[in-house]
Amino acid sequence: MTVMEQRATRGAGAPTPPPAWQPRTDPAPLLPDAEPHRVLGTDAAADADPELLRRLYAEVVRGRRYNAQATALTKQGRLAVYPSTTGQEAAEVAAALALEERDWLFPSYRDTLAAVARGLDPVQALTLLRGDWHTGYDPREHRIAPLSTPLATQLPHAVGLAHAARLKGDDVVALAMVGDGGTSEGDFHEAMNFAAVWQAPVVFLVQNNGFAISVPLAKQTAAPSLAHKAVGYGMPGRLVDGNDAVAMHEVLTEAVTRARGGGGPTLIEAITYRMDAHTNADDATRYRSDAEVETWRAHDPILLLERELTERGLIDEAGMQAVRDDAERMAAALREAMNQDPVLDPMDLFTDVYAEETSQLREQAAQLRAELEAEAEASEGSQEGGGE
Amino acid sequence: MTTVAAKPAAKPATMAQALGRALRDAMADDPTVHVMGEDVGTLGGVFRITDGLAKEFGEDRCTDTPLAEAGILGTAVGMAMYGLRPVVEMQFDAFAYPAFEQLISHVARMRNRTRGAMPLPITVRVPYGGGIGGVEHHSDSSEAYYMATPGLTVVTPATVADAYGLLRRSIASDDPVVFLEPKRLYWAKDSWNPEAPTDVDPIGTAVVRRPGTSATLITYGPSVPVCLEAAEAARSEGWDLEVVDLRSLVPFDDATVAASVRRTGRAVVVHESGGFGGPGGEIAARVTERCFHHLEAPVLRVAGFDIPYPPPMLERHHLPGVDRVLDAVARLQWDQ
Ligand SMILES: Cc1ncc(C[n+]2csc(CCOP(=O)(O)OP(=O)(O)O)c2C)c(N)n1
Ligand SMILES: [Mg+2]
């Protein structure tokens, strides 16, 4: 019996408690389903649009290739670090595809793939991780907020932006991404609360990939699910199979549409798994078994899509090969671009700290310039010396 | 005839190992010491400082907390109120910021608020500083924020032996200590005997790392090796530089610093943290107030630029290195 039903069936003779004692909204409709929403591998898959299936497949395969390429680039010293989304491509890709061009994406530090799937140049997406600048793109141009390393801090930003858009009369939605670990931060809770109180057009996507570095979900939360956290703030929570690209796309699109129509925020928990270590610098064998990782291979996002496409005869081997070739071309282009050393100007240290450079920074810039000139002279001198 | 048990010899050890050993020994000696933070248990911390502690002492003594720095420090306050001695790990400098409210509004001032009735013996370990090629938010020098908060003790070691000794003293302190670990020195090696670690001076004692006569380099943490290297390089210029390692920023050892500067007559403060509003300003003022008539030149500062910490590919232009220290020494008015 829901709280509201209990209330309705209370005996007629019972004394009426003050109105403030009652829940103000019925929590039942906000509760997530007991089982994560799935489409692929269920009867509902038959209704999935073939075009959408093919599109998702192509993007997820590209995403997988992107992850492999970026990881390889760390081994070649071309990226300082890479937090991979191998295994999480369905959620990353669906997040990007659920948005209209005017909408905004607020990625966490792990979500470069979502940005790339939205159309951002991979080199720009990876700038932070290559280490030549912090944000490699103009957020306003792409409507992608800077990748956020301080966990969950991007979530209130998404709420504020969505709120501002609504105040302005624009039908813009903000989609904010965060990890399971990030939901423990105060900023997550404050963002959820603001979003619900303001009925801001924002969608929170939590990718529950099982771990926050080494810490498993069980040490992170005692909630029935992360999606249940929505109820306490007065917004619906949805539980989805994060490896089911079609289910992800469906739930995200619904939430985005609802937000756009003035229906307020939604919290979506995508259940997925981080197949790789936290980053290339992490040793996952210290906290999880290979056997656990293996259990997720059978539920791989690419496999799920491939099975559906082939069973319905929507793709043949040649079609799949074409998708793989396309991914290969993307990887080759990325590899080539990343093999170029970025052109760096040390004097950029002083640009864009303030709109107008302060006199202190001017002094410091002059100091660095003089140092660089002296350095250049010294190395020229030594080169000439060496030649003689 | 007495036989003396052969003492295990000193061998190369890293600062990371010494810090881990300090935690272990503190936990073994005092059952109220609890280690808590993100990934400190099973993983042993992202820098492996807490490696093995959960195994040896159990997860109640070395706890993987939920990912929430304000919550970590806030619950540590409650644990300390009930008689425990929490040692909190903040994963990186910039990830300690969510805990600032707890730190500033409660941790720093609980002794004062309660007229001494309820001091908080909490140690907050913070890996800090740059030079490790870390991406955004992994290289901040946040010491000035802590120094500016009365009630906090601020300690930072520069050697393997000090890392052990100062961490033991910080944990034993009844006052809250922000223990800043120079992460680029984590893997620096020194000859050290973990079975017979020597005690260090009480917190608040600076040390002359290298005696000299021409000028004093006043520094701490990650910049100590830079200054020692600069002092070596300065010999060929005819300068014999003294290097003072502060070891603790709060309390500040005015006596050792002033005695050195009075001897040498010249001083340069060196740190990674930005110069404007940074520790060097406070230090230079204190030196000037105490040594004015002994000074042959104004106290100079060599600091990080006043910019957000740059991306890894540019950090070498930002970090004070040997050349910048020597340039400053050269400007100490030697002709007059
Ligand atoms: C405020 C803050 N605290 C700590 C960290 C260090 N850190 C980086 S990633 C990470 C784990 C994040 O886990 P989760 O939110 O589940 O995201 P995932 O890495 O699984 O994508 C931690 C603790 C951080 N980046 N920001
Ligand atoms: Mg996670």
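## The largest cavity

In this predicted model, the largest cavity is lined by residues of chain B: B:Leu73, B:Met90, B:Ala96, B:Ala99, B:Leu103, B:Val124 and B:Tyr146. The lining divides into seven nonpolar residues, with no polar and no charged ones. B:Tyr146 belongs to that lining and counts as nonpolar here.

The space inside comes to about 40 Å³. At a threshold of 30 Å³ or more, the count is one cavity.

## The interface between chains A and B

Chain B brings 36 residues into contact with 42 residues of chain A. About 3,200 Å² is buried between the two chains. Carbon and sulfur atoms give 62% of that area.

## Charged and polar links

Four salt bridges are found across the interface of chain B and chain A. A:Glu371 and B:Arg324 form a salt bridge. Their closest N and O atoms lie 2.8 Å apart. This pair counts as a salt bridge because the cut-off for such a nitrogen and a carboxyl oxygen is 4 Å.

## The chain B side

Which helix of chain B gives the largest share of the side that touches chain A? Helix H11, residues 315-318, does, with three residues.

By residue type, the side of chain B that touches chain A splits into 18 nonpolar, eight polar and 10 charged residues. The lining of the largest cavity, by contrast, has no charged residues.

How values were computed. Residues are numbered from 1 along each chain as its sequence is written. Chains are lettered from A and ligands numbered from 1 in the order in which they are written. This is a predicted model: local features need pLDDT of at least 70, side-chain atom pairs count only at pLDDT 80 or more; totals for chains, interfaces and linings use all residues. Side-chain values use heavy atoms; hydrogens and water are left out. Contact means heavy atoms within 4.5 Å. Buried area is the accessible area (1.4 Å probe) that two parts lose on being put together, summed over both. A salt bridge is a side-chain nitrogen of Lys or Arg within 4 Å of a carboxyl oxygen of Asp or Glu. Helices (H or I, at least four residues) and strands (E, at least two) are DSSP runs, numbered from the N terminus. On a 1 Å grid over the protein atoms alone, a cavity is a set of points where a 1.4 Å probe fits but cannot get out, and a pocket is an open set with protein on both sides within 12 Å along at least five of seven lines; lining residues have an atom within 4 Å of a point. Grid points are joined across faces, edges and corners, and a volume is the space filled by probe spheres set on the points.
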